[in-house]
Protein chains: 2
Amino acid sequence: MIKNYLLAPGPTPVPPRVALAMAQPIIHHRTPQFSRIFAEAQHGLKRLFQTEQDVLMLAASGTGAMESAITNLFSPGDEVLVINGGKFGERWGKIATAYGLTPTEVRVPWGAGVRVDEVRAVLDRQPGIRGVCVQASETSTAAVHPIEDLAALTRERDVLLIVDGITAVGVFDLPMDRWGIDVLITGSQKALMLPPGLAFIALSERAWERSATARLPRFYFDLARERAALAQHTSAWTPAISLVLGLRESLAMLFEEGLPRVFDRHARLAAATRAAGRALGLQLVAPEVPSPALTGLYTPSTVDGGKLVAYLRDCMGVTFAGGQDHLKGKIVRIAHLGYMGVFDTLTAIAAFEMALRRFGHNVPLGCGVGAAQEALMAALPE
Amino acid sequence: MIKNYLLAPGPTPVPPRVALAMAQPIIHHRTPQFSRIFAEAQHGLKRLFQTEQDVLMLAASGTGAMESAITNLFSPGDEVLVINGGKFGERWGKIATAYGLTPTEVRVPWGAGVRVDEVRAVLDRQPGIRGVCVQASETSTAAVHPIEDLAALTRERDVLLIVDGITAVGVFDLPMDRWGIDVLITGSQKALMLPPGLAFIALSERAWERSATARLPRFYFDLARERAALAQHTSAWTPAISLVLGLRESLAMLFEEGLPRVFDRHARLAAATRAAGRALGLQLVAPEVPSPALTGLYTPSTVDGGKLVAYLRDCMGVTFAGGQDHLKGKIVRIAHLGYMGVFDTLTAIAAFEMALRRFGHNVPLGCGVGAAQEALMAALPE
């Protein structure tokens with residue numbers, strides 16, 4: 001008998017409350033009943049994004065929203081700066097290329113955050129650049145980029161800052177309006193604790209202005225059309241109705257807990273996991289700029305990380321993510337985002353210890369768990 | 001945000017598969033459709049009880065089945081021997097008294113199992129005794145009684161052995177027919193992984209013969225009437241339909257895992273918890289005869305066990321049971337029965353360590369967890 005524990009950086013576990021909300025009978029989407037639910041969800045999404053702007057909802061995965069940012073804001077041949085510090089940074093470049101833009105890549109070593117002065121230098125050198133595409137949390141390396149500083153930089157120029165916040169929104173503080181982020185994106189299957197199938201995107205005032213003259217082709221992902229529909233409390237195309245019912249519930253859960261406490265919880269679980277990693281003598285993938293969404297740890301050189309991840313999943317029921325590209329087989333990624341509490345993290349660490357032992361790496365069992373418990377004690381009520 | 005972990009000795013967690021089965025639309029119980037389900041469940045219950053006899057299903061809690069054993073097998077004034085080693089042993093005496101029987105109690109120190117020679121001595125001294133009532137696992141003390149030996153003793157006399165197996169059936173081996181148990185009882189909310197609401201009882205051939213002359217009054221719990229209904233693949237009264245749908249699923253899960261492996265799993269989780277208790281310097285409530293269903297541990301004398309249990313439940317989301325009567329405030333009881341795996345047990349121990357620390361008892365965090373992990377390593381696949 002194996003129970004399953006999902007500790008990958010998406011999809012994340014769906015809380016029973018949300019699952020029950022989604023199990024409600026389907027209702028029609030062109031009705032006042034659905035419009036009320038849609039409007040409630042919109043209200044919550046604005047609070048979550050910390051914006052006065054509309055937050056548009058697409059029946060798509062996060063990549064769809066990334067594509068929509070490109071197609072709605074640029075014209076053929078436009079120059080964009082892509083910050084590539086991992087698989088998802090790389091994806092910005094691929095989308096830009098697919099649509100005939102001219103991307104300039106700032107390459108960042110995997111596990112590091114981009115240096116703002118490097119971005120400034122490129123912008124100074126190439127004044128034709130019209131947008132900067134970046135991840136708030138680069139899921140493939142468990143590192144964060146300095147969004148606030150990047151926003152300060154782009155705000156003073158005619159350069160849009162387009163932020164993939166897929167493993168960041170609802171995980172740590174990312175105040176869109178206050179910082180001056182032009183585009184902020186997330187997906188349903190991360191901190192929002194929903195199954196995959198919804199993506200969310202909000203545009204700043206100047207991004208909306210830009211979209212009016214952007215000439216790339218778009219139809220399903222035409223954000224102006226979604227914005228017009230939203231004014232009527234509906235969506236342009238058929239919405240993922242059950243997911244929207246779940247979204248209303250998951251937003252309610254986030255605000256009942258309170259965003260600051262949600263952010264604290266993620267930070268705490270990540271810090272505890274890093275403490276466990278230190279106690280076990282393992283190196284962090286992103287030691288300088290670790291993401292609160294997930295923790296990347298190098299496995300010992302004697303252990304095949306890919307086999308370890310498969311063993312944890314198939315023999316212990318514990319799903320981590322492994323490494324990609326040149327980190328394949330060398331790291332594990334343990335998620336903290338979404339419906340995650342103290343005992344999910346301790347389960348992850350206990351399982352990791354036991355699997356390492358099974359793979360011949362002789363860690364003292366309970367040692368990482370104990371370090372994590374120490375780190376988590378402070379959050380326990382008196 | 002607190003997630004809930006139910007580690008009390010009943011109710012126990014309901015697996016998603018079972019919850020989904022119970023969420024099916026209700027069907028009528030006087031139909032061929034329901035009779036098919038009922039017959040399937042009956043087939044599984046016989047395997048679970050390890051008996052050729054009918055296993056009757058009552059819409060009641062386990063206590064209802066205990067009462068039915070008394071009312072169907074005895075007549076006013078009958079002498080019975082009650083083995084009282086805790087709250088549930090005591091309950092046998094209360095039921096017998098309520099129905100005007102003449103119980104003789106064999107008192108057993110809490111945490112111990114009854115001594116068979118003591119039972120033999122009473123039976124020799126009081127040849128009028130017509131039944132022995134006992135618990136296979138005494139939930140209040142986390143101790144087991146020697147059922148096989150007791151059955152060997154009663155089998156050779158005209159004395160029925162009536163076994164409350166409420167926290168034993170499906171937890172450890174208790175072969176009804178092979179050992180010669182006359183009455184075996186369990187409830188739905190224990191190893192059967194269902195919500196409360198169903199009780200199960202099976203009678204040996206000689207118990208059925210006895211019931212024909214037993215004169216205590218009975219109606220709802222008239223087992224002969226249930227047996228006649230069962231021959232028609234139905235129940236005498238309205239059955240708890242959704243629970244029966246769930247039962248079919250939970251039995252399927254038990255047989256997919258295989259009873260020997262189910263028993264091993266319970267034994268392993270209990271052994272790991274005892275190892276953790278030793279590592280933390282805590283005394284077992286039942287050191288000689290610990291139950292695989294749950295582990296009772298004395299809390300340190302400086303810690304109020306009742307407050308600790310409340311703190312674990314309310315501040316950490318982890319539900320243990322505390323002590324009853326003279327053990328109130330002095331012990332915790334951590335369950336292993338039902339839908340429980342390695343990480344439920346490790347969660348219980350990690351939470352226990354942290355709560356002890358919060359209550360001023362300076363345990364080394366991770367120490368009990370590590371001892372439990374060591375004990376659990378052997379069960380991990382290569």
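A: In this predicted model, Asn84(A) stands opposite Arg107(A), a residue of S4(A). The two residues belong to a parallel pairing in which strand S3 (residues 79–84) of chain A is joined to S4(A) over six bridges. This pair ends an open sheet of seven strands in chain A, whose order is S2-S10-S9-S8-S5-S3-S4 and whose pairing is mixed. Strand S2 (55–59) and strand S4 (102–107) of chain A stand at the edges with a single partner strand each, so one side of each has no neighbour in the sheet. From one strand to the next, the twist averages 20°.

Helices cover parts of this sheet. Helix H8 (residues 205–213) of chain A packs on it, where it touches strand S8 (160–164), strand S9 (183–187) and strand S10 (198–203) of chain A, and the direction of H8 makes about 95° with that of S10(A). Helix H9 (residues 223–231) of chain A lies across S2 and S10 of chain A and runs at about 110° to S2(A).

Strand S5 (residues 129–135) of chain A pairs with S8(A) in the parallel sense over five bridges, and Leu161(A) is the bridge partner of Val132(A). S8(A) also pairs with S9(A), again in the parallel sense, over three bridges; here Val163(A) has Leu184(A) as its bridge partner.

For Val183(B), the contacts beyond four places in sequence include Leu160(B), Ile162(B), Val163(B), Ile201(B) and Ala207(B).

Chain B has an open sheet of seven strands with the order S2-S10-S9-S8-S5-S3-S4 and mixed pairing. In chain B, strand S8 (residues 160–164) and strand S9 (residues 183–187) run parallel and are joined by three bridges. Asp164(B) has Ile185(B) as its bridge partner in S9(B). Helix H2 (residues 32–49) of chain B packs on the sheet, touching S2, S9 and strand S10 (198–203) of chain B, and its direction makes about 110° with that of S2(B). Helix H5 (residues 116–125) of chain B lies across strand S3 (79–84), S4 and strand S5 (129–135) of chain B, at about 150° to S4(B).

The two chains meet through 28 residues of chain A in contact with 28 residues of chain B. On the chain A side, helix H13 (342–358) and helix H14 (367–377) are the elements that give two or more residues. H13(A) gives the most, with nine residues. By class, this side of chain A has 16 nonpolar, five polar and seven charged residues. Because 100% of the interface residues of chain A are also interface residues in chain B, the copies meet through the same surface.

How values were computed. Residues numbered from 1 in each chain as written. Chains lettered and ligands numbered in written order. Predicted model: local features only at pLDDT ≥ 70, side-chain atom pairs only at ≥ 80, totals over all residues. Contact = placed C-beta atoms within 7 Å. Helix = DSSP H or I, 4+ residues; strand = E, 2+ residues; numbered from the N terminus. Nonpolar A, V, L, I, M, F, W, Y, C, P; charged D, E, K, R; others polar. Pairing = 2+ DSSP bridges. Axes fitted to C-alpha atoms, helices over the stretch in contact; angles between N-to-C directions.
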